[in-house]
Amino acid sequence: MITRAARLEAIAGFGIDAVAAAVKTADTLRLENLDTDLPLPPEAVAVTREALTDPASNSWLPFTGDLGLRGAISDLTAARHGRRYDPEREIVITCGGTEAALDVLLATVNPGDEVVLTDPIYAGLVNRVRLAGGVPAFAPLAVVDGEWRLDADALAAAVTPRTVAVLMMSPSMPSGCVLDRADWEAVASLCVREDLFLIYDAAMEALLFDGRELVSPLALDGMAERTVIVGSMSKEHRMIGWRVGWIAGPETVVRDAGWVHVYNTTTPVAVARRAAEAVLRGPQGHVAEAAAELQRRRDAIFAALPGWPLVRPGGGWSLLLEVAALGFSPADASRVMLEEAGVAATGMTGWGGEVAARHVRFVFSAEPVPRLAQLGERLGRTTLASAS
């Protein structure tokens with residue numbers, strides 16, 4: 001008899017796949033997925049195509065990534081965070097940002113250790129904590145003036161003697177919560193006081209709305225030596241299918257996480273690494289253009305659904321609707337939206353704790369403004385509308 005590992009007992013699916021499988025018509029508004037129709041950086045396809053016929057592209061070496069790409073990431077983190085990581089000793093290239101997160105967790109978390117995350121948070125991060133043997137502990141976000149805000153008291157209350165780390169994302173999935181300077185100061189104070197380390201998921205850090213500032217946690221006292229950055233080409237650079245991510249941080253942690261990476265996957269394919277380097281070395285204006293388009297899409301949803309209990313995101317490419325305030329569970333609301341309105345959206349059960357479990361997520365990265373403007377008419381004819 002093949003046994004089932006105990007670590008899988010608390011692991012649940014995203015729900016995204018089930019919603020996607022239930023879609024029956026081409027006219028459905030696809031708000032359940034994390035793909036995007038935003039254009040790729042111009043270098044991505046050209047360099048990938050050119051690299052296909054190069055024999056060097058048919059290689060799984062070097063295991064931890066080309067020095068050229070690691071150097072480009074070092075330049076990126078220096079520009080954004082004022083900290084230049086050594087490309088050879090402090091950066092590892094991974095198969096996407098989520099592999100990077102799992103590598104760091106496997107290298108730092110012992111069975112039973114607690115990792116604090118916000119509620120809501122990306123289910124992929126929650127379940128990677130569990131796969132590493134850790135226990136996720138949730139700090140509920142607050143809604144202040146219609147936007148998600150970090151609750152410093154709730155964050156501190158989530159820490160116990162078993163806590164070893166805080167895992168933060170800004171902007172966060174699925175909420176779009178952006179941490180400002182005061183928020184990061186609260187995180188830093190807690191980490192230093194309780195001797196915790198920070199895993200910072202920076203995958204969306206430049207997808208900011210309304211003129212918000214990118215604030216680096218590394219700029220705060222005591223944080224450079226206790227922060228590990230997880231990065232990715234998938235969100236800001238829209239290179240989802242290339243599967244290129246990275247780990248940047250103190251040498252000892254990156255070395256250990258690098259061995260986890262090597263014995264798990266080795267490197268992303270060479271054509272993807274070469275394209276990623278070219279994109280990072282090229283002009284970066286397209287990142288701001290993507291952020292501006294995503295902000296327009298956010299605003300289109302709010303214009304289409306006045307009076308609905310939406311929480312405004314400060315960045316990223318998704319937002320949350322509090323369906324519990326309408327008297328529905330996330331699963332029932334998701335079903336009603338799809339069956340009665342042709343809107344595919346995922347319930348957030350499992351994407352955190354009690355706060356997440358009151359919401360359904362709208363991903364606006366793959367539908368243009370004119371299509372999003374249909375939300376009011378579509379949802380207006382559902383049983384949800386009577387409670388809005």
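Visitor: Which residues have the most contacts inside the largest nonpolar core?
Guide: They are Met337 and Phe362, in a core of 121 residues. A nonpolar core here is a set of buried Ala, Val, Leu, Ile, Met, Phe, Trp, Tyr and Cys residues joined through side-chain atoms within 4.5 Å. Buried means under 20% relative accessible area, exposed over 50%, and partly exposed in between, with a 1.4 Å probe and protein chains only.

Visitor: Which helix gives the largest share of this core?
Guide: Helix H10 (residues 285-304) does, with seven residues. Helices are DSSP runs of H or I with at least four residues, strands are runs of E with at least two, and both are numbered from the N terminus.

Visitor: What should I know about the source of these values?
Guide: The model is predicted, so local features need pLDDT of at least 70 and side-chain atom pairs count only at pLDDT 80 or more, while totals for chains, interfaces and linings use all residues. Residues are numbered from 1 along each chain as its sequence is written, and side-chain values use heavy atoms, with hydrogens and water left out.

Visitor: What is Phe362 in contact with?
Guide: Leaving aside neighbours within four places in sequence, its partners include Leu31, Ile301, Trp317, Met337 and Leu379. Contact means heavy atoms within 4.5 Å.

Visitor: Changing topic, how many aromatic pairs are there?
Guide: The count is six. Rings of Phe, Tyr and Trp (its six-membered ring) pair if their centres lie within 6.5 Å; planes under 30 degrees apart count as stacked, over 60 as edge-to-face and the rest as tilted. Phe14 and Trp351 form a tilted pair, 6.0 Å centre to centre with 55° between the planes. These two residues are 337 residues apart, so the pair links distant parts of the chain.

Visitor: Is Trp351 buried or exposed?
Guide: Trp351 is buried, at 0% relative accessible area, whereas Phe14 is partly exposed at 33%. Together with Tyr122, they form one aromatic cluster.

Visitor: And the backbone: where are the cis peptide bonds?
Guide: One joins Asp119 and Pro120, with omega about 10°; another joins Ser170 and Pro171, with omega about -10°.

Visitor: Which residues other than glycine have a positive phi?
Guide: Among them are Asp145, at about 55°, and Arg238, near 60°. Asp145 is exposed, at 79% relative accessibility, whereas Arg238 is buried, at 5%.
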